[in-house]
Amino acid sequence: MGEALQERRGAALLPRSCCRPRGVAGSHAELPGCKMTFTTATPAASVAQAFFCLLLCVPWGSSCPPSCQCTERAGAKAVLCSSRHLEEIPKDIPRDAVFLKLDANSITRIPSNAFRHLSHLEELDLSRNAIEKIDRAAFKGVAAGLRTLDLSSNRIRSIPKEALLALNAKLRLANNPWHCECALQEVLWEARLDPDSVQDITCHTAPREEYVGKPLLQVLDAGVNFCSVRQRTTDVAMFITMFGWFAMVIVYVICYVRHNQEDACKHVDYLKSLPSTQDHAETTSTAL
C-alpha cells in the first residue's frame, strides 16, 4: 500500500514516459541524463510537467551549431563543419569538442581567442579556406592539448611566430603563398611540422628573385638565412640613421661657427669705424 502511494505521488510530479523511449514498456529503460524511473503507466502529463521533464532528461552542453554536424568518435565528440560556406568560425561550438573540422569553407581570418573555450580540442582542420590573417593569440587556450593543426591550402603569406611556436601540435602549412622571411624560417626550425608536407612550403615571394618558387627547406639547406639578412638590413638602417644625425650635428656646428665669425667681423669693423681716443685728444690740443 505504501509503495503504491509513493509511486502515485511520483507519477503526479513527473510522468514515466519522459524517462523511457517511446514504445518501451519495461520499467528501467531511461534516457541519458535522466535519473527517475517508474514501474507503472501514467496518464498524459500536463504542459508544466512536460517542460519539467525536458529540463531533467535533456542532456545539457550537447548543442551543436546549426551549420555543423556533431557525432561521437571513440567516445569523443567530433564537430563536422566541412563545406558549409562558413565565412567565420562558429561561436557556439560545444565546449567538449575534441575533433573540429572547418575545412573547405570561406573563412578569411582567425581572430584572437577563437578557440579559447575548447579546452578539450585535440585536432583542428582549417585547410582549404581563404585564410589570410592569423592573430597572435589565435590559438590561445588550446596550445597545451592540441595535437594536429591543418592550415594547408589557404592564402597565408605570413604568420606571427608567436601564434605557432607556443603549440605542441603537428602543423601542416603546405600550399600557401608564403613570403619567405625570418618569422617563417623560425617556424620551420622550431615548430613541429608534418614531415609529409614540409616540401610543399614554397616561397611565393622572397627578398631575392632566385628564391621564388623554390621549397623553403631547399633554400635554407643552400645556406640562406633570412634572419641574418634582416639583421644586416637593420644594421645598415641603423648606421645610415646614425650617420645622418652625425652629419646634421657637424653641419650645425659649422653654421654656428661661421655665424659667430661673421658677427665678430662685423663687430670689429664697427669698432674700427669709431674715432679713436688718441685722435680725439690731438684734435682737442690743436684747438687749444
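## Getting started

A residue is called buried when its relative accessible area is under 20%, exposed when that area is over 50%, and partly exposed in between, using a 1.4 Å probe and protein chains only. With that in hand, R172 counts as partly exposed, at 28% relative accessibility.

This is a predicted model, in which local features need pLDDT of at least 70 and side-chain atom pairs count only at pLDDT 80 or more, while totals for chains, interfaces and linings use all residues. Residues are numbered from 1 along each chain as its sequence is written, and side-chain values use heavy atoms, with hydrogens and water left out.

## Charged pairs

Side chains of opposite charge can pair when their charged atoms come close. Here, a salt bridge is a side-chain nitrogen of Lys or Arg within 4 Å of a carboxyl oxygen of Asp or Glu. Searching the whole structure turns up 14 salt bridges.

Let's return to R172. Its side chain meets that of D194 in a salt bridge, at 2.9 Å from N to O. R172 sits in strand β8 (residues 170-172) and D194 in the loop between α4 (182-190) and β10 (203-205), so this pair ties together parts 22 residues apart in sequence. Helices (H or I, at least four residues) and strands (E, at least two) are DSSP runs, numbered from the N terminus. D194 is buried, with a relative accessible area of 9%.

## A link across the chain

K77 and D96 also form a salt bridge through their side chains, at 3.6 Å from N to O. This pair links distant parts of the chain: K77 is in strand β2 (residues 76-80), and D96 is in the loop between β2 and β3 (97-101), 19 residues apart. Is K77 buried or exposed? K77 is buried, at a relative accessible area of 10%, whereas D96 is partly exposed at 34% relative accessibility.

## A charged network

Another salt bridge joins the side chains of K101 and D103, at 3.7 Å from N to O. K101 is partly exposed, with 25% relative accessibility, while D103 is buried, with a relative accessible area of 5%. These two residues belong to a network of salt bridges that links K101, D103, D125 and R128.

## Where can you find Y256?

Y256 lies in helix α6 (residues 226-273). Y256 counts as partly exposed, at 47% relative accessibility.
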